[in-house]
Amino acid sequence: MGQLGRDARSLCHSGIYLQYIKGLVMSSTFDQVATIIAETCDIPRDTITPESHAIDDLGIDSLDFLDIAFAIDKAFGIKLPLEKWTQEVNDGKATTEQYFVLKNLCARIDELVAAKNAGA
Amino acid sequence: MQLEYFQLIDRILDLNMEEKTITVEAQVPNENTIFEGHFPGYPIMPGVLLIESMAQTSGWLLLALMKFERMPFLAAVKEAKMRGFVSPGEVLTIDANILHEGSGYAMTEARVRVGGKLRSNATLTFSHIAFPNPDLRGHMDAVATRIGFPQQVLLP
């Protein structure tokens with residue numbers, strides 16, 4: 001195999017590796033969030049999936065969500081922009097699914113953590 | 001303490017914007033109809049009023065931190081403990097600190113002491129919104145003046 005082939009293979013491997021790492025980080029975020037929700041709201045952990053909608057499926061109301069936001073803020077060292085999200089939903093600029101389906105919530109958390117790390 | 005108006009704080013003793021702490025004073029009235037029922041022959045300050053006094057103390061701290069642009073409302077009470085009776089005429093020293101400042105909400109820890117001895121403590125959650133009308137803002141300004149709110153902390 002020539003140099004080009006080795007580089008391509010190396011790139012391919014690093015791409016897979018990155019995906020693997022990304023998967024680990026994402027599942028870790030979801031696991032942490034699911035555990036927080038289970039403990040904060042007394043919801044069985046095995047009923048919480050990445051597809052669960054915190055409000056519609058898990059029945060979490062806005063006051064309970066403050067406890068979840070508090071625990072998430074503390075665990076990840078971020079500040080979930082709940083006011084901004086609420087405003088966007090109220091203004092019809094976003095849907096609750098974008099923020100409150102757990103896989104999407106976890107993606108937002110990962111973005112906030114990345115933004116914090118980039119600014120640090 | 002003006003129990004009839006549910007205004008429990010008499011005086012702000014200290015407000016530290018850097019540490020995000022506040023200490024206030026409140027004297028329990030010697031006589032009030034509340035004590036005729038709670039309890040006949042054995043008057044004690046109701047625990048819910050001790051919680052309210054901690055909420056109002058935390059509220060003044062939050063109002064200061066939010067530069068009187070938003071109004072905090074009590075949303076949740078956790079770990080409230082009544083550790084000792086509070087009697088008519090006693091002077092309460094109440095202090096609070098910020099536990100967490102979230103987006104649209106905040107959490108505080110507060111304590112009630114009498115003569116340095118802890119009588120009650122709680123962890124409180126507040127949601128806060130922009131002042132809903134000028135009347136409420138005017139009312140809070142008036143109370144702030146009455147209880148000696150240090151206006152200089154609001155200067156840039």
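Modeller: Start with Phe126(B). Setting aside residues up to four places away in sequence, Phe126(B) touches Ala55(B), Ser58(B), Gly59(B), Leu62(B), Pro72(B), Phe73(B), Leu74(B), Ala75(B), Gly104(B), Tyr105(B), Ala106(B) and Thr108(B). Keep in mind that this is a predicted model. Phe126(B) sits in strand 6 of chain B, which spans residues 117-130. Is Phe126(B) buried or exposed? Its relative accessible area is 2%, so Phe126(B) falls under the 20% cut-off and is buried. One of its partners shows how the chain folds back. Ala55(B) lies 71 residues from Phe126(B) in sequence, yet their C-alpha atoms are 8.7 Å apart.

That pairing can be set beside the figures for the whole chain. In chain B, take the contacts between residues at least 6 apart in sequence: 68% of them join residues at least 24 apart. Buried residues account for 48% of the 156 in chain B. The chain holds 3 helices and 6 strands. Along the sequence they run β-β-α-α-β-β-β-β-α. The overall dimensions come next. A compact globule of 156 residues would have a radius of gyration near 15 Å, and chain B, at 15 Å, agrees. Along the principal axes, the C-alpha atoms of chain B fill a box of roughly 50 × 30 × 25 Å.

Now a polar residue in chain B. Gln7(B) lies in the segment before strand 1 (11-16). Its relative accessibility is 16%, which is under 20%, so Gln7(B) counts as buried too. What does the side chain of Gln7(B) make a polar contact with? The partner is the side chain of Arg146(B), at 2.7 Å. Arg146(B) is also among the residues in contact with Gln7(B) beyond four places in sequence; the others are Met1(B), Gln2(B), Gln56(B), His139(B) and Val143(B).

Chain A has another make-up. Chain A has 5 helices and 0 strands. From the N terminus, its elements read α-α-α-α-α. Of its 120 residues, 33% count as buried. Among contacts in chain A with a separation of 6 or more, residues 24 or more positions apart supply 55%.

Finally, the place where the chains meet. The contact draws 12 residues from chain A and 14 residues from chain B. Chain A and chain B bury about 1000 Å² between them, and carbon and sulfur atoms give 59% of that area. Which three residues lead on the chain A side? Leu66(A), Phe70(A) and Glu83(A) supply 47% of the area that chain A buries against chain B, more than any other three residues.

On chain A, the elements giving two or more residues to the side that touches chain B are helix 2 (62-76) and helix 3 (82-90). Helix 2 of chain A gives the most, with 7 residues. By class, that side of chain A has 7 nonpolar, no polar and 5 charged residues.

Note on methods:
Residues are numbered from 1 along each chain as its sequence is written. Chains are lettered from A and ligands numbered from 1 in the order in which they are written. This is a predicted model: local features need pLDDT of at least 70, side-chain atom pairs count only at pLDDT 80 or more; totals for chains, interfaces and linings use all residues. Side-chain values use heavy atoms; hydrogens and water are left out. Contact means heavy atoms within 4.5 Å. Buried area is the accessible area (1.4 Å probe) that two parts lose on being put together, summed over both. Helices (H or I, at least four residues) and strands (E, at least two) are DSSP runs, numbered from the N terminus. Ala, Val, Leu, Ile, Met, Phe, Trp, Tyr, Cys and Pro count as nonpolar, Asp, Glu, Lys and Arg as charged, and the others, Gly among them, as polar. The radius of gyration is taken over C-alpha atoms; the globule rule is 2.2 Å times the number of residues to the power 0.38. Buried means under 20% relative accessible area, exposed over 50%, partly exposed in between (1.4 Å probe, protein chains only). A polar contact is a pair of N or O atoms within 3.5 Å; within protein, one must be able to donate a hydrogen and the other to accept it, and residues adjacent in sequence count only if both atoms are side-chain atoms.
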